[in-house]
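Hello,

Here is the structure I promised to pass on.

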Amino acid sequence: MHEVPDVLRVEGFRARRSFGLGSMSRNATFAVAVALTADGLLGVVHPGTLLVTVPLTLAVAALAAARRHGMPALSYFWAQLAWHRASRTEMTSFRQVLLPHPFALDLPGVGAPSALIAAHDPTTGRSVGVVHDRATDRMTLTTLLAPGGSLMAPTNTVRGNIRTWSAVLDAMSTDEQIKGASVTIQITPGAGEALGDDVRLRRRPEAPQLAQDTIDELVRTTPRATASVTPWMSVTVDPMATAIPPTDLAEKVAEALRVVDTLDLSGTGTDVFRRATDVDLRRIVRSAFDPGCFNAREEEFQELQWGECGPIAADDGWEEYAHDGAVSVSWVLREMPRRPIPYSVLLPLLSPGRFQRRITLAYRVLDPYEGEAVLEREISNAEQRATATAQVRGRARWSQRADHQRAEQAAVQAASGAQVVDWTLMVTTTAFTAADLPAARQDLHRAVKATRGIRMRPAYGAQASVFAAGLPVGYNPLVR
């Protein structure tokens, strides 16, 4: 792990926890209490039923209290049952067919309501690709970023970048039209031909033999570690959340462009390349489903319809997503470390590997009033859990006391100007064949383990949705 000073370590990560009996949630506690009450009322009339209803209720309560892969076991098994039922009815399979309008050539799954609009940005005079969600009337605009890094930057520069990014989040929290955002970095392994061609053009025959031998060795071995890095940021905007709502589609697009232009990313440690065009969006989406066309010429994407950028065939599995001759595996965040972590904690995930990988950070910045209400509720829930445990065991658990302190610390930070952010981390890796899938899983597992603290798990039963969340198709799982 890259060592950084303490001033460049971040903390304050905490999962929301409702108050409930034991490790059950509030809703599960109420449901169990109602079930036990019903069992008691039924047992007054028919005492023999208690031999069946009480053990069954206690078994369900045990499943609700138990944990599996970081989630309640009852939720896990219920999701598995729902997925198996959907699989039997072939609802997890997609085949691109010509359907009557308006369903002709739609993207699969959560991307079905989206439509691509080629707009003109008057401020730059260039074409801009806007994804319109026809179900919610929201617009998503994508900004292409220039890949870079700050590992070699001075400490003061990195601290300034972090403060500037905090200012960007602050701007999102006070703008009612910005519903969410996501930052995605896609790493595609390179074959090395471009590197070799560049070296041959720059080679000088009069260079020392040692230098030539060193360069030849690098060209021969480096292709295994080279990669094409493509970062972008997608912002979801509700153009109707304004004093004078736009009346037609053109005005909605113009309003969305105006809102996104207010976000200034300068000083955040990244360089803005340009707004993504409709061709850029087609390339990103199509190459995600078919990685073999990632380096295709731009002309090959200009005539594609938005629905044609999706897969011809896809199967959404419990732990994998098969599409157009490739297989992807998506993982989601399970838990962040409870200790301060360096700002470079995601470096192992961003390092090139054998397989294409997309790392997505999805954000939903809460407005100051909502954030304050959430923190007050979390403090109350943490205090109630500690009090309930103390009444049963004589004292609260140390973990509960520490959790209460973290909730109070978050409230202190929010009162000092920090923003409350709902966020999650998603990673998708793609293998060309099913035979390479175990190696892709192992590669991803090693990268997550190398972060030294971040815990992730497969997106059970939601592979297609998490796959789409990493693409600029207008879907953000945190936006309601």
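Asp 324 sits in the loop between strand 12 (321–323) and strand 13 (326–335). Helices (H or I, at least four residues) and strands (E, at least two) are DSSP runs here, numbered from the N terminus. Please keep in mind that this is a predicted model, in which local features need pLDDT of at least 70 and side-chain atom pairs count only at pLDDT 80 or more, while totals for chains, interfaces and linings use all residues. Residues are numbered from 1 along each chain as its sequence is written, and side-chain values use heavy atoms, with hydrogens and water left out.

Most residues other than glycine have a negative phi. Asp 324 is not a glycine, yet its phi is positive, near 45°. Glu 90, also not a glycine, has a positive phi of about 60°. Glu 90 is placed in the loop between helix 3 (73–88) and strand 4 (93–95). Is Glu 90 buried or exposed? Its relative accessible area is 61%, so Glu 90 counts as exposed (buried is under 20% relative accessible area, exposed over 50%, partly exposed in between, with a 1.4 Å probe and protein chains only).

**Helix packing**

Two packed helices are described by the angle between their axes and the distance between the axes. Axes here are lines fitted to C-alpha atoms, for helices over the stretch in contact, and angles run from 0 to 180 degrees between N-to-C directions. Angles under 35 degrees count as roughly parallel, over 145 as roughly antiparallel, 65 to 115 as roughly perpendicular and the rest as oblique.

Helix 1 (residues 26–45) packs on helix 2 (residues 50–65) at about 175°, and their axes are 10 Å apart. Helix 1 is therefore roughly antiparallel to helix 2. On the helix 1 side the contact (heavy atoms within 4.5 Å) is made by Ala 28, Val 32, Ala 35, Leu 36, Asp 39, Leu 42 and Gly 43, and on the helix 2 side by Leu 50, Thr 53, Val 54, Thr 57, Ala 61 and Ala 64. By class these are nine nonpolar, three polar and one charged (Ala, Val, Leu, Ile, Met, Phe, Trp, Tyr, Cys and Pro count as nonpolar, Asp, Glu, Lys and Arg as charged, and the others, Gly among them, as polar).

Helix 2 also meets helix 3: their axes come within 5 Å and cross at roughly 100°, so helix 2 and helix 3 are roughly perpendicular to each other. Val 60, Leu 63 and Ala 64 of helix 2 make this contact with Ala 73, Leu 74 and Phe 77 of helix 3. The contact of helix 2 with helix 3 has six nonpolar, no polar and no charged residues.

**Cavities**

How many cavities of 30 Å³ or more are there? The count is two. A cavity is a set of points, on a 1 Å grid over the protein atoms alone, where a 1.4 Å probe fits but cannot get out, and lining residues have an atom within 4 Å of a point. Grid points are joined across faces, edges and corners, and a volume is the space filled by probe spheres set on the points.

The largest cavity holds about 70 Å³ of space. Strand 8 (178–189) and strand 9 (227–237) are the elements that give two or more residues to its lining. Lining residues of the largest cavity include Ala 181, Ser 182, Ser 234, Thr 236 and Tyr 475. The lining of the largest cavity has six nonpolar, six polar and no charged residues.

The second largest cavity holds about 30 Å³. Its lining consists of Met 172, Ile 178, Lys 179, Gly 180, Ala 181, Tyr 363, Arg 364 and Val 365. Five of the lining residues are nonpolar, one is polar and two are charged.

Trp 423 belongs to strand 16 (residues 421–431) and is partly exposed, at 25% relative accessibility. Leaving out residues up to four places away in sequence, Trp 423 touches Phe 13, Leu 333, Met 336, Leu 361, Ala 362, Tyr 363 and Leu 478. Trp 423 and Gly 180 are 243 residues apart along the chain, and their C-alpha atoms are separated by 9.6 Å.

Ala 146, in strand 7 (residues 138–146), is partly exposed too, with a relative accessible area of 27%. Beyond its neighbours within four places in sequence, Ala 146 is in contact with Pro 231, Thr 270, Asp 271 and Phe 273.

Best wishes

Methods
On a 1 Å grid over the protein atoms alone, a cavity is a set of points where a 1.4 Å probe fits but cannot get out, and a pocket is an open set with protein on both sides within 12 Å along at least five of seven lines; lining residues have an atom within 4 Å of a point.
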